[in-house]
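Welcome, and thanks for opening the viewer. Please load the model, switch to a cartoon view, and follow the stops below.

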Amino acid sequence: ATTEIYTLSLHDALPILHTPSSFLNGQWVTGTGTPLTLLDPTTGDSIGQVHDEGLDLAGALSYGRTVGGPTLRSMTFAERGLILKGWGRAIHTARDELLDLARIDSGNTRSDGKFDIDGAAGTLSYYAYVGKTLGDVRVLAEGEPEPLTRSSARMVGHHYNVPRHGIAVHLNAFNFPAWGLCEKAACAILAGVPVLAKPAVETSLVAARIVELWHEQGLIPDGVLQLLVGEPRDLLDHLEGQDCVAFTGSGNTGRVIRTHPRVLALGIPVNVEADSLNAAVLGPDVEPGSDTFIMAVADISRDMTQKAGQKCTAVRRIVVPEAHAEAMVEALGERLADLKAGDPADRAFRVGPLATAKQHQDILAGIAALEDAHERVWGDPSARPDTGYFVAPQLFLAKGGENAALVHKSEVFGPVATVIPYDGTSESAQRIVAAGGGGLVCSIYSNDLKWARPTITGLMPWHGRIVWGSKKVHDQSIGPGTVLPNFVHGGPGAAGGGEELGGERGLSFYWQRVALQGDRGLIERLMR
Ligand code: NAP
């Protein structure tokens, strides 16, 4: 399916043109029309083409509902878990090949590629384990049966979670082609719902190769997983009432999908994971040079630069007491000085290019806006290769707390963050963070329970996840940017209002919860 066209050049180099296909209606298909060109972000060279016109998307949705759905619903959780186990193993076995593809397709350094690809395999294997634990049942009851009247224990009501009879359409962002595909698919498949996944076109090579590997190894029961490599075109026009849509991407696209006429008319559930201006907040008790301060610096510098800052969970706003703002800039600058932007194939460079030309333009425009509104306090924008979509890590300083308008509204999706000094009070820290309108994750660094209590509890309603750094765990941080499958991922407001993962919680989006009322004995026999 991922055809490779080899062209001999005079210098004996072998440029490879990848032409990833879509896996729809049980077969690999290539569309027609003017191709979309895939570019290597390190060089700007063409590495492939996608033909996506004329694909039968209505047929594919129907195929998933009628072929994949019944197959999955006939399987137990343990059996569905075995599918995920095989998928995780297949990714792990092809790890090096996928890491190479991630480099040419997305500009990932080896370490960045591992974050995506190992994260994908790990999430699948975690959900395989959840499936094994849920065991040899097909439907899950919730809680215990409850009598409807005081006079009789026979007439009861009991909640059951049943898989929807539609197909889950998964629309994924460009930055995590492997993990995005797998974290969504793991939950839907384990819940018993077939999937049509659409990676972002421009970084679709890794996702296409993964699905190809699964198919080659006979790991995809017919209709259970389909892949659209191409633009969405009329996909959403063919949704039916039992379908659902899980989307990761920009807030603007999220709004378009949420208000799609078909989605509104049929009340189709939509989960949105969108932009997030994640904050890291240093408590007033944390002295520069202390264990907790060093932990904050390590977390922030890692999250700013991993995947060249193209992580929805990356730290964008660094909220620091006024007295320590200079020390924070200095300490971050020392760390960032070792994290230079350059060729991801060369291990001397830790920050690869941005994944696409459009991202590059958007990030340069975002930096220009930050330059106008705030002050650059660290980083040399010219410290980058001349070709490719590189951006050097940079730090800005925004005064004015929650009134520093731009930094609370504009997500610059690259290796860029802004320090916001504050007066050290919990109220002020909360107001500044909340000015971002809701986020995926916030990290708080403090050893003072009196300050941390109101700050953390005050910020909880604004986030899907909060990481509390302190001297007790200063050497155990995996960073706030790491999303683990057993904890929820998502956030309110600007972050999209969605929720994914979180172990068994992640399955509920794909289920209908039904309160079944009647004779206790009959219900138990029916649902056994
Ligand atoms: P995007 O432009 O919104 O695209 C996301 C996906 O939606 C792509 O597959 C895109 O397809 C598809 N799409 C675009 N328009 C559509 C439409 N009208 N109907 C159906 N699908 C449509 O976002 P992106 O540039 O790939 O991703 C960057 C953003 O994602 C960042 O803002 C980041 O914060 C956010 N993000 C959030 C999370 C999270 O978990 N919260 C994770 C990662 C990224 P095409 O490729 O064909 O355009």
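Two strands count as paired when DSSP finds at least two bridges between them. Strands (E, at least two residues) and helices (H or I, at least four residues) are DSSP runs, numbered from the N terminus.

Before you start selecting, note that this is a predicted model, in which local features need pLDDT of at least 70, side-chain atom pairs count only at pLDDT 80 or more, and totals for chains, interfaces and linings use all residues. Residues are numbered from 1 along each chain as its sequence is written, and side-chain values use heavy atoms, with hydrogens and water left out.

**Stop 1: the three-stranded sheet**

Select β7, β8 and β23. These three strands form an open sheet in the order β7-β8-β23, with antiparallel pairing. β7 (140-147) and β23 (511-519) are at the edges with a single partner strand each, so one side of each has no neighbour in the sheet. From one strand to the next, the twist averages 20 degrees; axes here are lines fitted to C-alpha atoms (for helices over the stretch in contact), and angles run from 0 to 180 degrees between N-to-C directions.

Now keep β7 and β8 (residues 155-163) on screen: the two run antiparallel and are joined by five bridges. Which residue of β8 does P147 stand opposite? Zoom in and you will find V156.

**Stop 2: the seven-stranded sheet**

Next, select the strands β16-β17-β18-β15-β14-β19-β20, which in that order make an open sheet with mixed pairing. β16 (375-378) and β20 (463-469) are its edge strands, each pairing on one side only. The twist here averages 25 degrees from one strand to the next.

Inside this sheet, pick out β15 (residues 317-321) and β18 (residues 416-422), which run parallel and are linked by five bridges.

**Stop 3: the ligand**

How many residues surround the ligand? There are 28, and the closest are N172, S250, T253, E411 and H489.

For polar contacts, look for pairs of N or O atoms within 3.5 Å:

- A polar backbone atom of N172 is 2.7 Å from an oxygen atom of the ligand.
- The side chain of D275 has an N or O atom 2.9 Å from a ligand oxygen atom.
- At G249, a backbone N or O atom lies 3.3 Å from an oxygen atom of the ligand.

Colour β12 (244-248) and α7 (251-258): each supplies at least two residues of the shell. α7 gives the most, with three residues.

**Stop 4: the whole chain**

Zoom out to see 14 helices and 23 strands. Along its principal axes, the C-alpha trace spans about 75 × 70 × 40 Å.

Technical notes. A residue is near a molecule or strand if one of its heavy atoms lies within 4 Å of it. A polar contact is a pair of N or O atoms within 3.5 Å; within protein, one must be able to donate a hydrogen and the other to accept it, and residues adjacent in sequence count only if both atoms are side-chain atoms.
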